[in-house]
Amino acid sequence: MDRQQDYVLRTSEERGVRLVRLWFTDVLGQLKSVAISPAELEDAFSEGVEFDGSAIDGFSRVNEADVLARPDAATFELLPWADASEPTARMFCDIETVGGLPFDGDPRQVLRRTVNAAREQGYEFMTAPEVEFFYFESDDPADGRPQPLDQASYFDLTTLDVASGLRRSTLHMLEAMGIGVEYSFHEDSPSQHEIDLRYTEALEMADNVMTLRLVVKRIAMAHGAYATFIPKPLNGVQGSGMHTHMSLFREGANAFHDADDGAGVSGVGRHFMAGVLAHAREITAVANQLVNSYKRLGEASEAPQHVVWARNNRSALVRVPRHRRAKPESTRIEYRALDPACNPYLAFALLLAAGMRGIEHRYELPDETTHNLFDPSLDRTGSGVELLPRSLDEALDVMEKSQLVRDTLGEHIFEWFLRNKRAEWDSYRTQVTPWELERYLPRW
């Protein structure tokens with residue numbers, strides 16, 4: 001037993017832990033949990049916890065159902081919302097076959113495998129997402145248009161921002177679970193909020209994103225409200241993204257930094273960025289996995305549509321933010337298409353795989369765009385600039401042809417994801433919507 005596992009056993013005994021929740025996600029990024037008693041911890045570390053994988057979306061077929069949840073002791077945290085009389089802890093798990101091999105249907109194993117491949121090349125992948133979400137009075141679509149809790153706007157700190165207490169409670173709970181928060185504020189749309197997580201290694205960050213989504217929803221529910229991470233819940237206002245800052249570190253130094261470059265980005269960083277741009281259309285189905293995601297990407301502002309890069313230009317898909325001169329470690333690139341409904345394990349894995357492909361094959365970075373691509377008067381005729389897919393259907397068509405996505409996700413998840421999302425699109429396209437009835441029923 002390693003030192004971290006020993007720490008978990010000792011802490012559970014000293015703190016009187018009564019229940020340990022083992023967390024993992026299905027392929028779509030829905031959080032799952034199985035609970036064990038502390039008496040079962042040692043066996044869970046050594047043998048895993050067996051369960052029926054055929055009951056989990058994207059996991060196993062019935063004839064190969066059983067899988068093992070192997071808890072990652074490094075993710076052990078006490079749950080701050082648990083009853084004080086019954087302390088409860090959680091750990092994220094890697095899913096394995098009953099033979100102890102990494103399970104092909106586990107998104108966390110996909111990211112772990114991709115991160116390890118980069119580590120073999122000497123690189124550590126660091127990420128920092130900006131997670132946006134909405135608070136509403138209810139989650140019942142029968143209520144019609146979701147009702148925001150406030151009409152505040154960007155950075156407002158007034159009595160209009162009635163949800164600031166919810167956000168504050170969320171921050172306290174995240175910090176109690178060891179998750180660093182850099183910023184938190186009211187976003188541009190009514191009842192829209194943002195929490196920016198502090199830079200850390202990608203696998204830990206994906207765990208943090210999953211924890212954040214649960215904590216945000218739990219705090220909202222405790223106060224009689226509802227929080228949602230769907231990208232575009234309201235018409236006429238901007239949707240929610242998950243802009244993600246990324247960099248590679250090598251031997252403790254930022255491999256993206258070059259003080260002599262005009263943009264401050266090294267050759268490694270430029271090749272990485274070129275790889276992300278070259279494969280952006282292919283990874284969009286996973287980065288933006290809902291039918292609703294493309295309502296956000298179709299907006300006239302805020303959400304990127306064009307596969308270009310720029311310095312400090314928020315209309316570009318990939319942005320190079322200004323870094324602090326005295327802090328070379330702050331050099332990074334920002335991918336602006338991700339939305340908060342994605343599976344972060346799969347999305348981070350694909351971003352890393354695309355960037356590493358750019359480094360490996362020394363992709364050339366195209367010219368920087370100097371235009372505001374949100375300007376409707378801009379003439380793009382003959383520009384040759386690619387657009388991101390405009391629908392889930394188009395994104396799946398592009399993904400299906402991508403060898404990079406197939407290799408990164410593995411055959412199991414790749415094929416299941418395509419089947420599941422094709423079915424979702426077919427269900428959507430055959431539905432009669434309120435928009436159609438309002439527009440056509442009185443006239444035809």
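This note walks through some side-chain pairs, cores and salt bridges of the structure above.

1. A word on the ground rules. This is a predicted model, so to speak of a local feature a pLDDT of at least 70 is needed, side-chain atom pairs count only at pLDDT 80 or more, and totals for chains, interfaces and linings use all residues. Residues are numbered from 1 along each chain as its sequence is written, and side-chain values use heavy atoms, leaving out hydrogens and water.

2. Let us start with the aromatic rings. Rings of Phe, Tyr and Trp (its six-membered ring) pair if their centres lie within 6.5 Å; planes under 30 degrees apart are stacked, over 60 edge-to-face, and the rest tilted. By this rule there are 10 aromatic pairs. One of them is stacked because the rings of Phe-24 and Phe-51 have centres 5.1 Å apart and planes at 25 degrees. This pair links distant parts of the chain, with Phe-24 in strand S1 (residues 19-25) and Phe-51 in strand S3 (residues 49-52), 27 residues apart. Helices (H or I, at least four residues) and strands (E, at least two) are DSSP runs, numbered from the N terminus.

3. Phe-24 is buried, with a relative accessible area of 4%, and Phe-51 counts as buried at 15%.

4. Another pair brings together Trp-425 and Tyr-428: their ring centres are 5.5 Å apart and their planes stand at 45 degrees, so the pair is tilted. Both residues belong to helix H11 (residues 403-429), three residues apart, about one turn of the helix. An α-helix has 3.6 residues a turn, so residues three or four places apart point the same way. Trp-425 counts as buried at 16% relative accessibility, while Tyr-428 is partly exposed at 31%.

5. Two further aromatic features deserve a look. Phe-125, Phe-256 and Phe-272 form one aromatic cluster.

6. Next, please find helix H7 (residues 280-287), which is mostly covered, with seven of its eight residues buried. The buried residues are Ala-280, Glu-282, Ile-283, Thr-284, Ala-285, Val-286 and Ala-287. They pack against several elements, including helix H6 (267-278), helix H9 (344-360), helix H10 (392-400) and H11.

7. Now to the cores. A nonpolar core is a set of buried Ala, Val, Leu, Ile, Met, Phe, Trp, Tyr and Cys residues joined through side-chain atoms within 4.5 Å. The largest has 95 residues, of which Leu-248, Phe-272, Tyr-335, Met-399 and Leu-409 touch the most other members. Leaving aside neighbours within four places in sequence, Met-399 is in contact (heavy atoms within 4.5 Å) with residues including Glu-282, Ala-285 and Val-286, and also Leu-409, Phe-414 and Phe-417. A second, separate core of 21 residues includes Val-17, Phe-45, Val-49 and Met-91.

8. How many salt bridges does a search of the whole structure find? The search finds 21, each a side-chain nitrogen of Lys or Arg within 4 Å of a carboxyl oxygen of Asp or Glu. In one of them, the closest N and O atoms of Arg-10 and Asp-6 are 3.1 Å apart. Both residues lie in helix H1 (residues 3-14), four residues apart, about one turn of the helix. Arg-10 is partly exposed, at 39% relative accessible area, and Asp-6 is partly exposed too, at 35%.

9. Asp-94 forms a salt bridge with Arg-108, with closest N and O atoms 2.9 Å apart; Asp-94 is in strand S6 (residues 88-97) and Arg-108 in helix H3 (residues 107-120), 14 residues apart. Both are buried. Arg-108 also forms a salt bridge with Asp-207, where the closest N and O atoms are 2.7 Å apart. That pair links distant parts of the chain, as Asp-207 lies in helix H5 (residues 202-222), 99 residues from Arg-108. Arg-108 has 3% relative accessibility and counts as buried; Asp-207 is buried at 4%. Salt bridges with shared partners join Asp-72, Asp-94, Arg-108, Arg-112 and Asp-207 into one network.

Technical notes: Buried means under 20% relative accessible area, exposed over 50%, partly exposed in between (1.4 Å probe, protein chains only).
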